[in-house]
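This report describes one protein structure from its coordinates. Please keep the sequence and the model at hand while reading.

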Amino acid sequence: MEIDWLPDGRLYGIDDSGAIWSSASPRDGWEQVATGPEEAETFFVADESRWWVAIHGGRTTGTDDAGDTWTAVYRPPTES
């Protein structure tokens, strides 16, 4: 699981299946808030709606609507 901590104390995490979780603090329970891409390697949270995920294999996707839609930000070149 990859976890990112916002300045206001809220935590966000993504697991290998793509489930995105949120918690108000490390002592509180976690709630699933969205679904993202599977096989996340790095998770970056800018705020409560803008997130980026680097995926195994080098692809990066992003959302600006809290995970409702995901857009490819970077795709590694393929061998020809």
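How many aromatic pairs does a search of the whole structure find? The search finds four aromatic pairs. The model is a predicted one, in which local features need pLDDT of at least 70 and side-chain atom pairs count only at pLDDT 80 or more, while totals for chains, interfaces and linings use all residues. Residues are numbered from 1 along each chain as its sequence is written, and side-chain values use heavy atoms, with hydrogens and water left out.

**Aromatic residues**

A pair of aromatic rings is described by the distance of the centres and the angle of the planes. Here, rings of Phe, Tyr and Trp (its six-membered ring) pair if their centres lie within 6.5 Å; planes under 30 degrees apart count as stacked, over 60 as edge-to-face and the rest as tilted. The ring centres of W51 and W70 are 6.4 Å apart and the planes stand at 45°, so this pair is tilted. W51 belongs to strand β6 (residues 51-55), and W70 sits in the loop between β7 (60-63) and β8 (71-74), so the pair ties together parts that are 19 residues apart in sequence. Strands (E, at least two residues) are DSSP runs, numbered from the N terminus.

Is W51 buried or exposed? W51 is buried, with a relative accessible area of 1%, whereas W70 is partly exposed at 24%. Buried means under 20% relative accessible area, exposed over 50% and partly exposed in between, with a 1.4 Å probe and protein chains only. W51 and W70 form one aromatic cluster together with Y12 and F43.

**Nonpolar surface patch**

F44, W52, V73 and Y74 form a nonpolar patch on the surface, and their accessible area together is about 400 Å². Patches are made of residues with over 30% relative accessible area and no salt bridge; like charges are joined within 9 Å, and nonpolar side chains (Val, Leu, Ile, Met, Phe, Trp, Tyr) within 5 Å. The areas come from the Shrake-Rupley method with a 1.4 Å probe, and for residues only the protein chains shown count as cover.

**Strands and their pairing**

Two strands pair if DSSP finds at least two bridges between them. Four strands form an open sheet in the order β1-β2-β3-β4, with antiparallel pairing. Its edge strands are β1 (2-5) and β4 (31-35), each of which pairs on one side only. Neighbouring strands of this sheet are turned by 25° against each other on average, direction ignored.

| Strand pair | Bridges | Residues opposite each other |
|---|---|---|
| β2 and β3 | four bridges | G13 and W21 |
| β6 and β7 | four bridges | A54 and T60 |

**Loop residues**

E39 is partly exposed at 44% relative accessibility. A66, in the loop between β7 and β8, likewise has a positive phi of about 60° without being a glycine. A66 counts as partly exposed at 25% relative accessibility.

R59 lies in the loop between β6 and β7 and is partly exposed at 35% relative accessibility. The C-alpha atoms of R59 and R75 are separated by 4.7 Å, although these residues are 16 residues apart along the chain.

**Salt bridge**

Side chains of opposite charge can pair when their charged atoms come close. A salt bridge is a side-chain nitrogen of Lys or Arg within 4 Å of a carboxyl oxygen of Asp or Glu. The structure holds one salt bridge. The side chains of R50 and D47 meet in it, at 3.0 Å from N to O. R50 is partly exposed at 38% relative accessibility, and D47 is partly exposed at 25%.

Key. Axes are lines fitted to C-alpha atoms, for helices over the stretch in contact, and angles run from 0 to 180 degrees between N-to-C directions.
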